[in-house]
Amino acid sequence: EVAGGGFVEFLITFAPRGPGSDEAHVLFATNDPDRVTARVKLLGGPIAPQLGFDPAPLDFRPATQPLVRKNVALKSTGLASLTIRAIGVVAIGNPDFSVAPPALPLVLKPGEALMLPVDYARSARATEGLVEVQSDDPLPRTLRLLPDPAQACADGADNDSDGLIDFPNDPGCATADDNDE
């Protein structure tokens with residue numbers, strides 16, 4: 001019962017169920033003959049899954065070993081759970097990058113993250129790589145992978161056709177960082 005000029009506070013918990021906007025109504029029965037039922041509209045959202053990467057892009061410079069592994073966090077940054085269906089390196093990018101995804105599909109709640117190892121086999125290729133993640137994020141998500149191409153004197157190839165490969169075997173190479181074999 002509410003006295004004239006008074007008020008009553010109600011605690012209402014409203015948990016939207018999925019992507020997009022959700023709507024609900026609360027009905028209050030009254031003894032007011034002009035308004036037997038008071039209807040209050042509740043709107044929630046929009047909530048949607050969203051994927052983020054940290055760091056982005058993933059930079060492999062400087063690469064000090066022939067094979068380098070770095071981790072990237074795949075983060076659920078939206079307001080709904082994120083379902084990851086597939087993870088892979090885009091075939092038209094640099095083939096020196098690879099990933100070994102976990103068992104999929106995988107669900108990340110808002111704020112959760114998954115560490116994904118990315119391997120880079122250093123070569124002379126300067127082309128960037130791309131990791132593509134297929135999920136229920138409404139936008140397609142890719143992560144740029146930045147290579148650190150080996151110089152000519154450390155790329156494992158006989159660039160000057162003298163039968164000698166790289167520093168210190170090829171006298172045309174002063175150091176492994178020399179780019180003029």
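This is a predicted model: local features need pLDDT of at least 70, side-chain atom pairs count only at pLDDT 80 or more; totals for chains, interfaces and linings use all residues.
**Ser 135 and its surroundings**
- With a relative accessible area of 9%, Ser 135 is buried, because the cut-off for that label is under 20%.
- A polar atom of the Ser 135 side chain lies 3.1 Å from the backbone nitrogen of Asp 137.
- Leaving aside residues up to four places away in sequence, Ser 135 touches Leu 82, Thr 83, Ile 84 and Arg 85.

**Aromatic pairs: Phe 10 with Phe 28**
- The model has 4 aromatic pairs, and one of them joins Phe 10 and Phe 28, whose ring centres are 4.9 Å apart.
- The planes of these two rings meet at 50°, so the pair is tilted; stacked would call for under 30 degrees and edge-to-face for over 60.
- Distant parts of the chain are linked here: Phe 10 sits in the segment before strand E1 (20-32), Phe 28 sits in strand E1, and the two are 18 residues apart.
- Phe 10 is exposed, at a relative accessible area of 55%, whereas Phe 28 is partly exposed, at 25%.

- Phe 97 and Tyr 120 form a stacked pair, with 4.8 Å from centre to centre and 20° between the planes.
- Phe 97 comes from strand E7 (residues 97-99) and Tyr 120 from strand E9 (residues 113-121), so this pair ties together parts that are 23 residues apart in sequence.
- Both Phe 97 and Tyr 120 are buried.
- Ring pairs also bring in Phe 60, giving a cluster of Phe 60, Phe 97 and Tyr 120.

**The disulfide**
- The count of disulfides is 1, formed by Cys 153 and Cys 173 with their sulfur atoms 2.1 Å apart.
- The link between Cys 153 and Cys 173 is left-handed, with -85° about the S-S bond.
- Cys 153 and Cys 173 each lie in the segment after strand E11 (141-146), so their bond ties together parts that are 20 residues apart in sequence.
- Cys 153 is buried, and Cys 173 is buried too.

Notes
Residues are numbered from 1 along each chain as its sequence is written. Side-chain values use heavy atoms; hydrogens and water are left out. Buried means under 20% relative accessible area, exposed over 50%, partly exposed in between (1.4 Å probe, protein chains only). A polar contact is a pair of N or O atoms within 3.5 Å; within protein, one must be able to donate a hydrogen and the other to accept it, and residues adjacent in sequence count only if both atoms are side-chain atoms. Contact means heavy atoms within 4.5 Å. Rings of Phe, Tyr and Trp (its six-membered ring) pair if their centres lie within 6.5 Å; planes under 30 degrees apart count as stacked, over 60 as edge-to-face and the rest as tilted. Helices (H or I, at least four residues) and strands (E, at least two) are DSSP runs, numbered from the N terminus. A disulfide is a pair of cysteine sulfur atoms within 2.5 Å.
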